[in-house]
Amino acid sequence: MKREPNSVRSCAPQLKRRGHLTDALTRRLQLARHARTKRNLDSNALFRRGFAAYNFTHQSGSDVTLESDETALFSDNSSCVLQPEVTQGPYYVDGELIRSDLTEDEDGVPLYLDIQLVDTATCEPVPAVFMDFWHCNATGVYSGVSASSNGNSNDTSNISATFLRGNQQTDINGVAQFETIFPGHYTGRAPHIHVLSHNTNSTIIRTNGTLLGSNSTTSASHVGQIFFDQDLISQVKATAPYNTNTQDLTTNADDSILSSEAANMDPFVEYVWLGDSPSDGIMAWISIGIDPTTDDEVTSAATIYADGEVANTDSSMNGGSGGDGGGPSANGTTSGSMPSGSPPS
């Protein structure tokens, strides 16, 4: 009630008048061209999805080609409502590198993501905010954490691994763009990506290009998750190395955290295929409504320092229940420390 309006759709006239929608169209078009050039793709078609309901397909059958007006492809911001603070977990690691490419040597379907933060009280983009971004790899394992619910807890070779993690500062349009891979899945949760925006009043940049935390905690203005269409997940899962993941796939319809987020907002990304199929790469975008004045303390699972990672053995950042409460199996390596048996969310 205190943050009105709570839908960025109602902010559209103001955003358009101030030029933010035009900027978004240009930015997303440039990202799509960059991604296609990097992937050496010359397909004639881009395929766009449309929102219906979270447990239905979101990909439309619109005949959109490279010659089409880009406003028909990149203009919708139906996902922009005040995103609920559903869960803070799992496996947030503070002190990650400030960077746009999070891939490192992880195999998977290339994913280019454009995220915009909008203040739902003022209908203005939120610039100069650092945004953390993390997710599991193609076989459902997070880097930087060692736990019985996250891969092989006896393998500490990844103690300072940083794959599929990082943060960036939003630009004047409230935008940060990340290059990564499509997230895998683990038992109890549908594929998802974690997003955390830092409170600007408590953000300190280290001289080594990372953000300074305090006693394994971070002041956050928002913590949330974003999701993907079920039909897109199925198509990605059929490709390598996702098809080597032996853990049970939880569907969007059975993910309790997703259902909580989807109750009042659309937490799904808009997306296009960069080529003829998802394996050629995916470009996705979403605008998230936040309250930038929020200042919540978030406990991290570990902290990255110049000489390596230090685990927070007292971490309680386990998140909410994730389906059957299971976690990633030993389909990969992990590092760090979390309480034994803590189910990730």
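**Notes on the predicted model**

1. Glu104 lies in the loop that connects strand S1 (93-94) with strand S2 (110-119). The model is a predicted one. The phi angle of Glu104 is near 55°, a positive value in a residue other than glycine. With a relative accessibility of 43%, Glu104 is classed as partly exposed.

2. A positive phi is also found at Leu164, a residue other than glycine, where the angle is near 60°. Leu164 sits in the loop between S4 and S5. Is Leu164 buried or exposed? Its relative accessible area is 0%, and because buried means under 20%, Leu164 counts as buried.

3. S4 has two pairing partners, described here in turn. With strand S5 (residues 165-169), S4 runs antiparallel and is joined by five bridges; Phe130 stands opposite Gln169 of S5. With strand S7 (residues 192-198), S4 pairs in the antiparallel sense over four bridges, and Met131 stands opposite Ser197.

4. S7 continues the arrangement towards strand S8 (residues 217-227), to which seven bridges join it in antiparallel fashion. Leu196 has Val223 in S8 as its bridge partner. Taken together, the strands form an open sheet of five, in the order S5-S4-S7-S8-S11, with antiparallel pairing. S5 and strand S11 (296-299) are the edge strands, each pairing on one side only. From one strand to the next, the twist averages 40°.

5. A cis peptide bond links Ala240 and Pro241, with omega at about 0°. Pro241 is placed in the loop between helix H4 (230-237) and helix H5 (256-261).

6. How many cavities of 30 Å³ or more does the structure hold? There is one, and the largest cavity has a volume of about 60 Å³. Its lining includes Phe182, Pro183, Gly184 and His185, together with Ile233, Val236, Lys237 and Tyr242. By class, the lining comprises eight nonpolar, three polar and one charged residues.

Technical notes. Residues are numbered from 1 along each chain as its sequence is written. This is a predicted model: local features need pLDDT of at least 70, side-chain atom pairs count only at pLDDT 80 or more; totals for chains, interfaces and linings use all residues. Side-chain values use heavy atoms; hydrogens and water are left out. Two strands pair if DSSP finds at least two bridges between them. On a 1 Å grid over the protein atoms alone, a cavity is a set of points where a 1.4 Å probe fits but cannot get out, and a pocket is an open set with protein on both sides within 12 Å along at least five of seven lines; lining residues have an atom within 4 Å of a point. Grid points are joined across faces, edges and corners, and a volume is the space filled by probe spheres set on the points. Ala, Val, Leu, Ile, Met, Phe, Trp, Tyr, Cys and Pro count as nonpolar, Asp, Glu, Lys and Arg as charged, and the others, Gly among them, as polar. Axes are lines fitted to C-alpha atoms, for helices over the stretch in contact, and angles run from 0 to 180 degrees between N-to-C directions. Buried means under 20% relative accessible area, exposed over 50%, partly exposed in between (1.4 Å probe, protein chains only).
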